[in-house]
Amino acid sequence: MPNSQSVGLSEIQAARQRLAQLALPTPLLPSAALSAVCGQPVLLKCEARLATGSFKLRGASNAVAVLGDAARQRGLVTASTGNHGRALAHAARIAGARAVVCMSHLVPANKVAAVRALGAEIHLVGQSQDDAQAAVERLVEDQGLSEIPPFDHRDVIAGQGTIGLEIAEAMPDLELVLVPLSGGGLAAGVAAAVKALRPRARVVAVSMARGAAMHASLAAGKPVAVAELPTLADSLGGGIGLTNRYSFALCRALLDDVILLSEEEIAAGIRHAFTADGETVEGAGAVGIAALLAGKVTARGPVAVLLSGDNIDPAVHRSIVAGSWTATATATATAPCRRQAALH
Ligand SMILES: *Cc1c(COP(=O)(O)O)cnc(C)c1O
């Protein structure tokens, strides 16, 4: 069981109060098409409507708000070049704080530019995510910056948990929540809120089969490293940290199941989200829909599907919607490996 160090309903409720002005509740929209597929009401929780295109804004904004003024003035730092880096840059700008994002020289120029455009300082160091992380640790040591990690942090998890509050309150007869899973901050927070308010609801997490670190860790009974492979669900890549403190224990205690999906199944989810529901989602955001379409989970009552983000290469999205995408194309078109937490 999670201990007193973990995240519960009161932390999540406090996060909601802090987020009132920073991340408005997102829409929860009925999907006629998925409801027909499942024979149960299916509602889509549209997290891509938040300012940086993913739910990561909730956790980052909460963590920044919890810091005292003095720490905020010294500044914030992370090594994420993905949705968390964007969210932290945005949250810092709103708070009037300095944000530093450490990246290796291997990070593509467009990603560097996207984070810089949000007002963050970029530190380009080394040739790997490990080098970028070492730079984060130096800045914490030398300049007193506060590191805000992408998932294994109580205030980040509590912020993501506000999604669970919104779902549980809107759906009194909630039976199933489908939540994308990588480092587990999202799943842990959502499950903590849902299990507290709707104890009979199941919370089922979904990852790609290619390099699912939390799934492997839950199976091993402890955090383990997995090889990273290119995947359409690129925001779900990366490890959970071998010294994981919160998200692993919470996921182990609270998740009912973890489902793994093939690349083709994820592509079908992206396509269905767009053609049936008009929602643009990235691979990570489509896994809940994909799990339902693949028949890998059966709904016994009303379902909430968390669409976690929409940061997908438009050309890849077009080819998937057009039906011309193939799994082998991703394997060669996606930069391989050594990306770890960069993707969160
Ligand atoms: C980070 C992210 C996830 C996974 O969140 P974790 O807390 O790492 O499990 C899912 N979807 C998107 C779009 C993300 O950016």
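Helices (H or I, at least four residues) and strands (E, at least two) are DSSP runs, numbered from the N terminus. The model is predicted: local features need pLDDT of at least 70, side-chain atom pairs count only at pLDDT 80 or more, and totals for chains, interfaces and linings use all residues. Residues are numbered from 1 along each chain as its sequence is written, and side-chain values use heavy atoms, with hydrogens and water left out.

**Stop 1: helix H8**

Select residues 154-170, helix H8, and pick out glutamine 160. Its relative accessibility is 1%, so glutamine 160 counts as buried (under 20% relative accessible area; exposed is over 50%, partly exposed in between; 1.4 Å probe, protein chains only). Now show its contacts, meaning heavy atoms within 4.5 Å. Leaving aside residues up to four places away in sequence, glutamine 160 touches Phe55, Lys56, Arg58, Gly59, Pro150, Gly185, Leu186 and Val190.

**Stop 2: strand E7**

Select residues 176-180. Five of the five residues of E7 are buried, so the strand is largely enclosed by the rest of the structure. In a regular strand the side chains alternate between the two faces of the sheet. Color E7 by face: Leu176, Leu178 and Pro180 lie on one side, Val177 and Val179 on the other, and all are buried.

Two strands pair if DSSP finds at least two bridges between them. E7 pairs in parallel with strand E8, residues 202-208, over five bridges. Look for valine 177, whose bridge partner in E8 is valine 203. From E7 the chain passes through helix H9, residues 185-197, to E8, in a right-handed β-α-β crossover (with the strands pointing away from the viewer, the path from the first strand over the helix to the second runs clockwise). Strand E10, residues 303-307, also runs parallel to E7, joined by three bridges. There, leucine 176 has valine 303 as its bridge partner.

**Stop 3: helix H9**

Click alanine 191 in H9. At 0% relative accessibility, alanine 191 counts as buried. Beyond four places in sequence, alanine 191 touches Val203, Leu254 and Leu255.

**Stop 4: the four-stranded sheet**

Move to the open sheet, ordered E5-E4-E3-E6 with parallel pairing. Its edge strands are E5 (121-124) and E6 (146-147), each pairing on one side only. Select E4, residues 99-103: four bridges link E4 to E5 in the parallel sense. Methionine 103 has leucine 124 as its bridge partner in E5.

Finish on helix H7, residues 129-143. H7 lies across E3 (76-78), E4, E5 and E6, at about 145° to E4 (axes are lines fitted to C-alpha atoms, for helices over the stretch in contact; angles run from 0 to 180 degrees between N-to-C directions).
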